[in-house]
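Subject: Structure handover

Dear colleague,

Here is the structure I said I would pass on. My notes follow below it.

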Amino acid sequence: MKSPVFSIFILLCVSCAYAQSGNTRFIDSPSWVLAKEEKTASPVTVPARQEKNASGPMTQTAGGRPQSANPKKTQNPPPKKPAEPAASKPEKSIPPSRPSQEGFLHIGIYATPVINWLSSIDKPYSRSGVNVNLTPTLMFDMRFIGRLYFGVGLALNTFGGRLHLTEIDKVQHERSYSFTYLEVPVRVKWQTRNFANSRGSVFFSGGLNAGFGLKYRYKDIYKGPIEINGSKLDGVFKYKGREEKETRRLMNVAGVLQFGYNYQVARRVNLIIGLEYHYGFVRPIKAKKFYYTLDKPSYNNQQVGLLLGVMF
């Protein structure tokens with residue numbers, strides 16, 4: 001009994017050994033699993049030579065894709081804010097701190113557009129309009145004390161205006177006056193310091209103008225039908241003439257006030273803009289008789305102008 005049983009045991013062992021050597025599927029060993037994975041796994045896609053990354057070393061993931069070992073370092077840095085321009089320094093005032101450094105004598109050249117009219121008119125006359133002229137002026141301003149200046153100069157000024165004289169037989173008679181004087185302005189001017197961080201200052205001026213008459217002209221304007229040699233002509237007729245010497249007053253004196261703004265371009269160059277007012281104290285025409293027995297009109301001259309100039 002022992003011999004057949006032992007023989008059968010031997011046969012079973014041989015059969016099992018043969019089966020194991022012919023088919024490895026029944027053997028669950030680590031070597032078989034590793035061999036299985038090597039045959040079925042997908043090829044690695046990571047290149048043999050990886051580029052160096054400043055953010056840190058690269059590692060391989062399970063899917064074969066390279067990944068940074070430190071993800072925080074791979075993020076793009078925040079954009080830098082553009083540098084803000086340096087704040088510009090406020091412009092410094094050009095004028096010197098002491099008035100004595102501005103010099104003693106200043107020369108001013110002015111061109112003043114003016115509007116003229118007549119006032120204090122004797123009845124039965126009345127004002128009917130204004131005249132517009134241009135007054136050139138040359139001034140010499142001398143520093144007296146601090147920013148107080150005394151000035152003299154020369155000006156060619158023209159006063160005038162329009163008067164409504166009479167209305168006879170439906171004919172209106174108006175007269176436009178124009179009196180030209182060579183004037184000697186005498187001024188006292190006070191000027192402020194330049195404003196903080198600017199080149200501008202304000203000035204006030206007042207004084208008298210003494211004038212010498214050069215031209216005394218007028219222009220008669222007739223409106224309406226005028227009878228000439230038995231025929232009537234309707235329209236506007238003008239006649240120009242000069243006042244006779246017997247009716248003129250040679251001298252004229254006017255009070256002057258000025259207010260303006262001074263802009264300093266350079267240490268000795270200034271631009272001037274302002275307002276000017278004149279009032280004539282002396283009436284330019286003496287009281288005489290007109291050819292139609294009426295007294296000549298008596299009046300005062302007034303003037304306002306825009307002061308424009310440059311001062312050195």
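**Salt bridges**

Arg-175 and Asp-220 form a salt bridge, with their closest N and O atoms 2.5 Å apart. The term stands for a side-chain nitrogen of Lys or Arg within 4 Å of a carboxyl oxygen of Asp or Glu. This pair links distant parts of the chain, since Arg-175 is in strand E7 and Asp-220 in strand E8 (residues 200–223), 45 residues apart. Strands (E, at least two residues) and helices (H or I, at least four) are DSSP runs, numbered from the N terminus.

Before the rest, the basis of these notes. This is a predicted model: local features need pLDDT of at least 70, side-chain atom pairs count only at pLDDT 80 or more, and totals for chains, interfaces and linings use all residues. Residues are numbered from 1 along each chain as its sequence is written, and side-chain values use heavy atoms, with hydrogens and water left out.

Arg-175 counts as buried at 4% relative accessibility, and Asp-220 is buried with a relative accessible area of 4%. Buried means under 20% relative accessible area, exposed over 50%, and partly exposed in between (1.4 Å probe, protein chains only).

Arg-175 also forms a salt bridge with Glu-243, where the closest N and O atoms are 3.8 Å apart. Glu-243 sits in the loop between strand E11 (236–242) and strand E12 (251–266), 68 residues from Arg-175 in strand E7. Glu-243 is buried too, with a relative accessible area of 3%. Through shared partners, the salt bridges join Arg-175, Asp-220 and Glu-243 into one network.

The structure holds 4 salt bridges. One of them is between the side chains of Lys-189 and Asp-141, at 3.2 Å from N to O. Lys-189 lies in strand E7 (residues 171–191) and Asp-141 in strand E5 (residues 131–145), so the pair ties together parts that are 48 residues apart in sequence. Lys-189 and Asp-141 are both buried.

**Around His-106**

Asp-141 is also among the residues that His-106 touches. A contact here means heavy atoms within 4.5 Å. His-106 belongs to strand E3 (residues 105–119) and, at 5% relative accessibility, counts as buried. His-106 and Tyr-149 are 43 residues apart in sequence, and their C-alpha atoms are 9.5 Å apart in space.

**Strand pairing**

E3 pairs with E5 in the antiparallel sense over 12 bridges; two strands pair if DSSP finds at least two bridges between them. Ile-107 has Phe-140 in E5 as its bridge partner. E5 also pairs with strand E6 (residues 148–168), again antiparallel, over 8 bridges, and Met-142 stands opposite Phe-150 in E6. E5 and E6 form a hairpin with 2 residues between them, and Gly-146 in the turn has a positive phi of about 60 degrees.

**Totals**

The protein has 3 helices and 14 strands. Of its 312 residues, 33% count as buried. Among contacts with a separation of 6 or more, 66% come from residues 24 or more positions apart. The accessible surface is about 21,000 Å², of which 62% belongs to carbon and sulfur atoms; accessible areas come from the Shrake-Rupley method with a 1.4 Å probe, and for residues only the protein chains shown count as cover.

Regards

Key
Lists of a residue's contacts leave out its neighbours within four places in sequence.
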